[in-house]
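Today I am opening the notebook on packing and aromatic rings. Here is the entry, with the structure first.

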Amino acid sequence: MTFGFAPSAATSLSAFAGSVNHTARMLEPAEWAAAGIPLLRSPREVVSGLHARHRPASATAVVAVLDHEERLTASASFARRSTAAADGWEFRNALLAHLRRVIPHDLRRRTPVRTAVLLYCREGDERWTEEDGAWMWGLRDACTLHGLRCGAYITLTRGGWQVLGEGRGGRMPTLLSRPSDLADTSVAHDHVPLRTGGGAAEALRRSAAR
């Protein structure tokens with residue numbers, strides 16, 4: 001005779017709720033396009049500058065904060081943890097943790113004056129994936145919690161770069177291309193404006209050096 005236990009109603013509901021929440025923590029391309037994300041004036045310069053500054057490999061995220069003139073204020077890069085599935089909540093927490101290290105929040109302002117953009121390096125082509133949707137959700141939520149305007153989400157693959165939701169992209173740089181000299185990119189500056197103070201300023205210097 002075989003004995004077993006059927007899952008309780010509470011367990012089933014909990015698993016269902018977790019599945020629903022996980023699915024909800026991503027944005028479809030249409031939702032992203034309807035969110036009013038501000039367009040980058042010079043996406044190629046932003047991508048080239050971040051690529052030269054951080055030299056990212058596959059499964060690396062580069063989050064950057066731009067001022068109202070699209071100048072780089074702060075940036076940080078980190079490798080995605082290998083998890084079973086893409087989860088916007090985990091991505092949000094990772095982005096928020098790195099934003100807090102490099103720049104103070106703007107929650108006291110009525111309207112955000114700085115914009116955060118995300119460059120994610122991955123395998124595959126330029127087409128949207130559920131992983132992209134989770135990063136979009138995470139970026140939007142992290143910006144809200146840090147008092148920033150949510151900006152562009154950009155993928156970097158072997159075929160080039162693509163601003164998702166805008167249809168703009170380019171062939172260089174690519175995931176495999178050699179980063180150009182930072183001095184050769186228009187987004188690079190002789191120095192990164194430091195408006196952070198204390199340990200945050202030091203974290204920004206370390207971030208810029210990576």
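Which residues have the most contacts inside the largest nonpolar core? I found Trp32, Leu95, Leu118, Trp135, Leu139 and Tyr153, in a core of 30 residues. A nonpolar core here is a set of buried Ala, Val, Leu, Ile, Met, Phe, Trp, Tyr and Cys residues joined through side-chain atoms within 4.5 Å. Buried means under 20% relative accessible area (1.4 Å probe, protein chains only).

A note on the source: this is a predicted model, where local features need pLDDT of at least 70 and side-chain atom pairs count only at pLDDT 80 or more, while totals for chains, interfaces and linings use all residues. Residues are numbered from 1 along each chain as its sequence is written, and side-chain values use heavy atoms, with hydrogens and water left out.

Next I looked up Tyr153. Leaving aside neighbours within four places in sequence, its contacts (heavy atoms within 4.5 Å) include Trp32, Leu118, Tyr120 and Trp135.

Then I turned to the rings, and found three aromatic pairs. Rings of Phe, Tyr and Trp (its six-membered ring) pair if their centres lie within 6.5 Å; planes under 30 degrees apart count as stacked, over 60 as edge-to-face and the rest as tilted. Phe78 and Trp135 are tilted, because their planes meet at 55°, with centres 6.2 Å apart. Tyr120 and Trp135 are also tilted, at 4.9 Å and 40°. I noted that Trp135 is buried, at 1% relative accessible area, and that Phe78 counts as buried at 10%. Phe78, Phe91, Tyr120 and Trp135 form one aromatic cluster.

How values were computed. Buried < 20%, exposed > 50% of the residue type's maximum accessible area, 1.4 Å probe, protein only.
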